[in-house]
Amino acid sequence: MSRKSDDPELLVFDLALGKVEKFKFNNVMIAAAQCNDSSEDKTNKMVTSEKQQGNRNPRLTRSLNFSGEKPSTPVLDTINYPIHMKNLSIGELESLAGEVREEIVYTVSKTGGHLSSSLGMTELTIALHHVFNTPDDKIIWDVGHQAYAHKILTGRRSRMHTIRQTNGLAGFPKRDEIIYDAFGAGHSSTSISAGLDLLGKKNHVISVIGDGAMTAGQAYEAMNNAGYLDSNLIIILNDNGQVSLPTATVDGPAPPVGALSNGLTNLQSSRKFRQLQEAAKGLTKKVGGQAHEIAAKVDEYMRGMVGGSNACLFEELGLYYIGPVDGHNLEDLVHILKKVQAMPAPGPVLLHIITEKGKGYAPAEIAADKMHGVVKFEAMSGKQLKVKSKTLSYTQYFSESLIAEAERDEKIVAIHAAMGGGTGLNLCQKRFPERCFDVGIAEQHAITFAAVLQKLQKLGL
């Protein structure tokens, strides 16, 4: 049977077969990259339209200032609250992202705190406040230490030097601090549940979850409930390669705990998934209304077949899955968020974005722990200025006491939720590796796990 190159149905079939072919659809050239290419450098090839490159907004790039001196921030200086961001162009938003990064590094270098998570969330934070109408629309940050950029853009920039200090700003969102903090969350996984309660008839609620918070069962319980209620909740999954936080051990950070990390990695690295996404986006942008039917077919194939069990996990819970999306491309983020904002159909949406912890700050990007939590440091080099205290901290006293007890009693077992360094149990894990367990940020599971271990010990097992 002969094929006509202008038949839109052929786009789906040939993408499914993974062939290298080009088709014209209303004078728009769509190129399908070969899917069975074995070389690693071709894994991330996308399907693009020939005209798309020239129509993108020009990127405004400049070297960021991490000298340790207060940076020049001409765009940020005009922003006191999110309303001041509404009329900024994409180029101005990108300049703002650079300035916010400089501000975060400058501030945290002098106070200590959580650094790399907020650096990785800079573009998303700006896009959210640019598109949505906070504080009427609610943004919930989970885990809460991703929210430094949010604090800077919501009237608290002048107080960032007090963060995590006595009578200063909290290191996490705090409801009584400002109206823009819709819900308080540290560790973790409560944002989707809270979002269901904060939904009104006319507002949007966005639950931003990631950097460890997707590990806990409560997140999945809430997604299941959101799907059942057919609520208009928007869930943004910040996938930065650390679905569970990296555990601080005596010998350095350990990889994230749990199988979910591998599952999301498989989903975001699927060549066919990415190619079909770009095909659908290119058709919709270039052909407009005439492309809706074929774009819908591409989307159906992409979500139902190529995405496989990973995408279907969210679909089966009743969520409309969109992604993966580059979490550092402001133009794409703004475009997609506006589309999600305008969606008339009821039902929860999950937007899966890919980000890099420490993005834009080289010392954090190359550090083994991505400079997740830091003390004061030299901004230019990233070298942390650790000062030896004359007395032990409470954490050190606890850790040493636990190790002493464990040496006397072989039945003592330690369990932590991705907080080996924060609890001091990394020292216990070094001394008794077979008796110390990291379950990821999954406190409910940790408690049940501990109860069963205790029962087994009583039974002599």
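A residue counts as buried when its relative accessible area is under 20%.

View 1. Strand S9 covers residues 320–326, and five of its seven residues are buried, so the strand is largely enclosed by the rest of the structure.

**View 2. The pairing of strands S9 and S10.** Strand S10 is made up of residues 349–354. The two strands run parallel, and five bridges join them.

**View 3. Proline 74 in a loop.** The loop that holds proline 74 lies between helix H2 (52–55) and helix H3 (90–111). Is proline 74 buried or exposed? Its relative accessible area is 51%, and an area over 50% counts as exposed, so proline 74 is exposed. Leucine 96 is 22 residues away from proline 74 along the chain, and the C-alpha atoms of these two residues are separated by 8.6 Å.

View 4. Among the elements of the chain, helix H5 (residues 122–131) has the highest mean pLDDT, 97, while strand S2 (residues 28–32) has the lowest, 30.

**View 5. Two stretches with pLDDT below 50.** Residues 1–60 form one such stretch, which has 110 contacts in the model beyond near neighbours in sequence. The pLDDT is also below 50 over residues 267–271, a stretch with 19 contacts beyond near neighbours in sequence. Where pLDDT is low, the predicted coordinates should not be read in detail.

Terms used. Residues numbered from 1 in each chain as written. Predicted model: local features only at pLDDT ≥ 70, side-chain atom pairs only at ≥ 80, totals over all residues. Heavy atoms only, no water. pLDDT = per-residue confidence, 0-100. Helix = DSSP H or I, 4+ residues; strand = E, 2+ residues; numbered from the N terminus. Contact = heavy atoms within 4.5 Å. Buried < 20%, exposed > 50% of the residue type's maximum accessible area, 1.4 Å probe, protein only. Pairing = 2+ DSSP bridges.
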